[in-house]
Amino acid sequence: MSLPGPARGRSAAGAAGVSPGGWAALLMARSSIVSICTGAFALAAAGLLNGRTVTTHWAGADELEESYPQVRVDRSVLYIDDDPLLTSAGVTAGIDLCLHLVRKDLGAAVANDIARELVAAPHRDGGQAQYIARSLPEPTAHTLADTREWAVRHLAEALTLDVLARHARVSTRTLVRMWRQETGSTPHQWLLSARVHHARELLEVTDLGIEQIADRCGLGTGTNLRARFRNALGTTPSAYRRTFQQTSAD
């Protein structure tokens with residue numbers, strides 16, 4: 001459920017116009033309730049976000065916080081999954097959130113296929129920074145996009161700061177600064193997320209053993225893979241494989 005534009009003043013007015021029947025349907029929903037961009041105003045007007053931490057388009061964040069003081073607004077992230085309520089920043093972040101939902105229900109391989117059809121990034125963490133104006137590089141400026149794409153293809157290798165900086169042709173200090181600017185996380189955090197994501201896909205679509213998958217993802221050992229998996233997903237690689245290989249078979 002989303003409302004037009006992040007323009008100040010329109011969001012709350014649009015939310016106020018939702019019919020009582022619409023609120024009832026939201027309140028009775030048994031599955032996930034998702035807002036994209038300024039759709040968070042509608043959920044806040046229904047009282048569904050009270051006491052929760054949510055996000056919305058950065059241009060509407062102040063208005064949302066002022067209009068609904070019982071709602072905590074995180075301006076810095078792409079989306080937040082506070083099951084069963086999920087909120088996202090702008091429209092592009094809404095695509096990231098929808099891919100996140102597909103990934104939760106059907107697995108990483110299916111989400112990646114859909115991302116390819118959309119020509120979208122296959123996996124952007126909700127905690128990644130919103131691309132607000134002050135952080136956007138100029139169109140002609142040097143970015144690390146090519147280095148991140150290269151890193152995804154070489155996850156099995158030892159991707160140290162020196163290796164990444166050499167590929168990007170910048171100093172390690174510049175690399176860390178630019179990486180945080182462009183992704184909202186450190187190179188280490190970003191690589192760990194990418195490696196866990198790759199492990200998920202390999203668990204879904206291959207019969208490789210845990211040690212083999214750990215090696216291919218750059219996580220080293222099965223013990224490390226299990227620990228990282230539990231921290232990120234709250235489950236084990238074996239349980240994840242059973243769930244999503246069964247989903248594929250169905």
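Analyst: A salt bridge here is a side-chain nitrogen of Lys or Arg within 4 Å of a carboxyl oxygen of Asp or Glu. Arginine 148 belongs to helix H7 (residues 145-153) and glutamate 182 to helix H9 (residues 172-183), so the pair ties together parts 34 residues apart in sequence. Helices (H or I, at least four residues) and strands (E, at least two) are DSSP runs, numbered from the N terminus.

This is a predicted model: local features need pLDDT of at least 70, side-chain atom pairs count only at pLDDT 80 or more, and totals for chains, interfaces and linings use all residues. Residues are numbered from 1 along each chain as its sequence is written, and side-chain values use heavy atoms, without hydrogens and water.

The whole structure holds five salt bridges. Another one joins arginine 52 to aspartate 82, with the closest N and O atoms 2.9 Å apart. Arginine 52 lies in the loop between helix H3 (40-45) and S2, and aspartate 82 in strand S4 (residues 79-82), so this pair ties together parts 30 residues apart in sequence. Arginine 52 is partly exposed, at 21% relative accessible area. Aspartate 82 is partly exposed too, at 28%.

Arginine 75 pairs with aspartate 62 in a salt bridge of 2.7 Å, N to O. The two link distant parts of the chain: arginine 75 is in the loop between strand S3 (72-73) and S4, aspartate 62 in helix H4, 13 residues apart. Arginine 75 counts as partly exposed because its relative accessibility is 32%. For aspartate 62 the value is 35%, so aspartate 62 is also partly exposed. Asp62, Glu65 and Arg75 are linked in a network of salt bridges.

Now confidence. The chain averages a pLDDT of 80, pLDDT being the predictor's confidence in each residue, from 0 to 100. Of the residues, 77% score at least 70. Helix H8 (residues 161-168) has the highest mean, 96, and helix H1 (residues 10-16) the lowest, 48. pLDDT stays under 50 over residues 1-10 and over residues 129-140. Where pLDDT is low, the predicted coordinates should not be read in detail.

Technical notes: Contact means heavy atoms within 4.5 Å. Buried means under 20% relative accessible area, exposed over 50%, partly exposed in between (1.4 Å probe, protein chains only).
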